[in-house]
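Thanks for sitting down with me over this chain. Shall we go through the model together, one question at a time?

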Amino acid sequence: MRNRLRDLFTTNLAYKGLALAFALMMWVWVQSEQVVEDRARVRLDWRLPDGLALVEPPLESATVSVEGVRGFVRGVRQKQLSMLVDLSKAREGEVSLDLTERPVTGLPGEVRVVSVAPESLKVQLDRVLKRRVNVTPITHGDPATGYRLGRVTVKPDRVELSGPSSVLRGLTEVGTDTIELGGLREDAEFEVGLALRPGQLTPTVEGRFTVSVRVEPIVKERSFEVPVVVEGDAWKATIERVTVTLSGPTDRLDAVDPADVRAVVHVPDGFAAASGSARRGTDGLRYEIERPEAEALDVAAVTPSTISVERR
């Protein structure tokens, strides 16, 4: 068995080489001469009459079945194939088209078109109309937790569109591209285009639109029982605690630790009375509510509203 295997690879090498070369030549011939069929996409280039437009967006491409020698057909899919749909002489109304009669540009001469899908089309031509309509900003999603969407504006807020009269006649507004608002925490501006169906309506002047979005914090209130602290050892408060109600953005208010809030009484130097009532936001004998993020959190109420102090 071992000798047979050795002889298989070592004897009659010339004849075996000739047979291999012949087989390769046959394979190359089959590849180059065999007629095959394949499919490819063809871009449709539309030429329209002056003053008329298609009511529906035009078909962008068709599928052609082609036939030819394998070597040429194989590369058809990599080529930029196109077909001119010339309606420059057509009139307003319905037009029937036969795509099988139109030549395909970019196809090798050795390859021929067997069929086109679709074979025919019916399109509607309408007079071109220009009309100014409102621009409406389109948003999606919600701001971050604790915030709400405020005013949304767009500039410019009107645009002139050109298109078929049957489409534009009843149109009063057009939307922008969708703006994602998910997780937004602050005011923002977005540069967007218009959400128009390609090939149907077009702005007479190209340009972008600026959408301004206002985001407002959701304000709520939260009450705390807080200690009363008097500055200086010579004075004491007649009550130990007061109820403080804070208001502000939900996320910041929820983060407040009650231990960080207190009422601090300030007794001015030279205060001669034996006792007195401190009020918030006044001069002289007064108290203040110390709290974290004082700029963001307001004091909505203090109960009681005055704090009495006396000398020790």
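Predicted model: local features only at pLDDT ≥ 70, side-chain atom pairs only at ≥ 80, totals over all residues.

Reader: How many helices and strands does the chain have?

Author: Helices (H or I, at least four residues) and strands (E, at least two) are DSSP runs, numbered from the N terminus. By that count, the secondary structure comes to five helices and 23 strands.

Reader: What share of the residues counts as buried?

Author: Buried means under 20% relative accessible area, exposed over 50%, and partly exposed in between, with a 1.4 Å probe and protein chains only. Of the 312 residues in the chain, the buried share is 32%.

Reader: Which residues have the most contacts inside the largest nonpolar core?

Author: A nonpolar core is a set of buried Ala, Val, Leu, Ile, Met, Phe, Trp, Tyr and Cys residues joined through side-chain atoms within 4.5 Å. The largest one here has 26 residues. Those with the most contacts inside this core are Trp46 and Leu97.

Reader: Which strand gives the most to this core?

Author: Several strands supply at least two residues each, among them strand 3 (61-69), strand 5 (93-98) and strand 7 (120-136). With five residues, the one that gives the most is strand 1.

Reader: What does Trp46 touch?

Author: Contact means heavy atoms within 4.5 Å. Residues up to four places away in sequence are not counted here. The partners of Trp46 are Leu54, Pro58, Leu59, Val85, Leu87, Leu97, Leu121 and Val123.

Reader: How many residues are in the second, separate core?

Author: Val228, Val261, Leu285 and Val299 are included in this second core. Its total is 23 residues.

Reader: What is the bridge partner of Glu189?

Author: Strand 13 pairs with strand 15 (residues 209-217) over five bridges, in the antiparallel sense. In strand 15, the partner of Glu189 is Ser212.

Reader: Is Thr245 buried or exposed?

Author: Thr245 lies in strand 18 (residues 241-249). Leaving aside neighbours within four places in sequence, its contacts include Glu221, Arg222, Asp298 and Val299. The relative accessible area of Thr245 is 12%, so this residue is buried.

Reader: What is Thr250 in contact with?

Author: Thr250 is found in helix 5 (residues 250-254), and its relative accessible area of 16% makes it buried. Leaving aside neighbours within four places in sequence, the contacts of Thr250 are Gly146, Ile218 and Lys220.

Reader: In what sense do strand 20 and strand 21 pair?

Author: Strand 20 (residues 275-280) pairs with strand 23 (residues 306-311) in the antiparallel sense over five bridges, and Ser277 stands opposite Ser308 there. With strand 21 (residues 286-290), strand 20 has two bridges, and Arg280 stands opposite Tyr287. The sense of the pairing between strand 20 and strand 21 is parallel.

Definitions and conventions:
Residues numbered from 1 in each chain as written. Heavy atoms only, no water. Pairing = 2+ DSSP bridges.
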